[in-house]
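Please keep the structure in view while reading.

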Amino acid sequence: MAYAHRSTSQAISYVYRGTFIHSTQKAAVQILEDTLLGVDAEGKIAFIGKGDELEKLSKTFGFSLSEVTQLKQHEFFMPGMVDTHIHASQYSYAGTALDMPLLQWLNTYTFPVESRFKDLDFANRVYTQVVKRTLRNGTTTACYFATIHSDASLLLGQIANDFGQRALVGKVCMDRNDGVKHYKETIQESQEETCRFIAELLNKKYPLVKPIVTPRFAISCTGALLGQLGEIAKNNNLHIQSHISENVEEVKFVKELFPESESYTEVYHKHNLLTDKTVMAHGCYLTDKELDRFRETGASLSHCPSSNIALCSGLLDVRNVLNHKVKLGLGTDVAGGYSASMLDAVRRALDTSKVLTVQDPTHKTLTFEEVFRLATLGGSQALSLDDQTGNFEVGKDFDALRVDLAARDAPIDLIQCEEPKILLEKFLNLGDDRNIVEVFVAGRMVVPFTKPVE
């Protein structure tokens, strides 16, 4: 390919030569072998070219040949993974408490733990660990639910910024909670605190961390609050996140609470909460008509297969969602999802698709290439961040993972020299954080950590 570059007055910070694997709109997996990629001082991709164009590129961009880092044969770069749905406040009990369905699970485990986040020391401990763990696991962008506590939510934004993670952070809004009565707000508190949270977080001017309007879900919010949150999001041009159609009992309860609405989707649509900057988690039971509404509004879905299986919630037919041309990314959904690794979300997404094929042999199973795209470019599209990140294009931020299949003590045994696509498949199915030797967000190396890990 001919090399692509942007005119930049910025000095070149990094130049890498080797294999780059990413997704495009047309190709689920595109492999660029013996490729040169330069990152400028703003953290943006300055050029992408073939290895034999090295001298020409070095003259054009003013870097010396000795500055080029050569990847090994068993290494490649891939885009950072995008976790489109994760509850940072639930991380302390991740890997436990998976023995009951959603609504009982919330009352028994989730709300009592989330109510502890008024204690900022506790919040600091949990949020520091979840940001570090997700970065180690290759999550360069995270869409976080926090809790109803504004100060703790602001702290999560600060921690994500300090460690260099790209993040959308949501202060949870809920003015209805019959299960755990002390864990809720009045409608006035929710509105005022949401406005304070948004104003204070925007005022920090963090380059990569932004607020996201976060009604927990229709069951936890009155129609009046949902309407106010829709207005707040519109007036500030903000992202929106919530949950939809996760399990059968929840869908039925929403119908009882909002009998005037034709569907769960219409509850949100009526209150101006479905926009092209909205991401809704789950969607297991959405009808074709509801998916059409998602496509019309530009709203997206976050597929959270680990939690859908762990809480016996349901199985999302991703193929059907994609056929409806609805934007879709993957989410870990900690702690309903037991793992904070997007690699586990990739594996469970493939497993879920295969279960649907077992149930219906005419179902077209997702390929690992398609799920790779969902974990990277698909996630950035779902969060309306694909103009900045999601794949390797000149002018986009360099959000990337340096993957080494032969990393020391890693869980993959390479028996022979393999082609890059095989290396990618092995990494997605067998790899873990030990294979992710470097993580970059907006051109900054954020893993290995520069300050000691507590």
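This is a predicted model: local features need pLDDT of at least 70, side-chain atom pairs count only at pLDDT 80 or more; totals for chains, interfaces and linings use all residues.

## The two sides of helix H9

On helix H9, the face turned away from the buried side carries Lys289 and Glu296, both of which are exposed. The helix itself covers residues 288-297, and within this stretch Glu290, Leu291, Phe294 and Thr297 are buried. Viewed down the axis of H9, these buried residues fall within an arc of 130 degrees, so they line one face of the helix. An α-helix has 3.6 residues a turn, so residues three or four places apart point the same way.

The partners of the buried residues of H9 are strand S12 (239-244), helix H8 (264-270), strand S13 (278-282), strand S14 (300-303) and helix H11 (318-323). After H9 comes glycine 298, with a positive phi near 85 degrees.

## The crossing of H3 and H4

Helix H3 (residues 120-136) and helix H4 (residues 150-163) have axes that come within 9 Å and cross at roughly 35 degrees, and the crossing is right-handed. From H3 the contact draws on Leu120, Ala123, Asn124, Tyr127, Thr128, Val131, Lys132 and Leu135, while H4 contributes Asp151, Ala152, Leu155, Leu156, Ile159, Ala160 and Phe163. Sorted by class, this contact has eleven nonpolar, two polar and two charged residues.

Notes: Residues are numbered from 1 along each chain as its sequence is written. Side-chain values use heavy atoms; hydrogens and water are left out. Axes are lines fitted to C-alpha atoms, for helices over the stretch in contact, and angles run from 0 to 180 degrees between N-to-C directions. Helices (H or I, at least four residues) and strands (E, at least two) are DSSP runs, numbered from the N terminus. A crossing is left-handed if the near helix is turned anticlockwise from the far one by less than a right angle, and right-handed if clockwise. Contact means heavy atoms within 4.5 Å. Ala, Val, Leu, Ile, Met, Phe, Trp, Tyr, Cys and Pro count as nonpolar, Asp, Glu, Lys and Arg as charged, and the others, Gly among them, as polar. Buried means under 20% relative accessible area, exposed over 50%, partly exposed in between (1.4 Å probe, protein chains only). The arc is that of the directions from the helix axis to the C-beta atoms.
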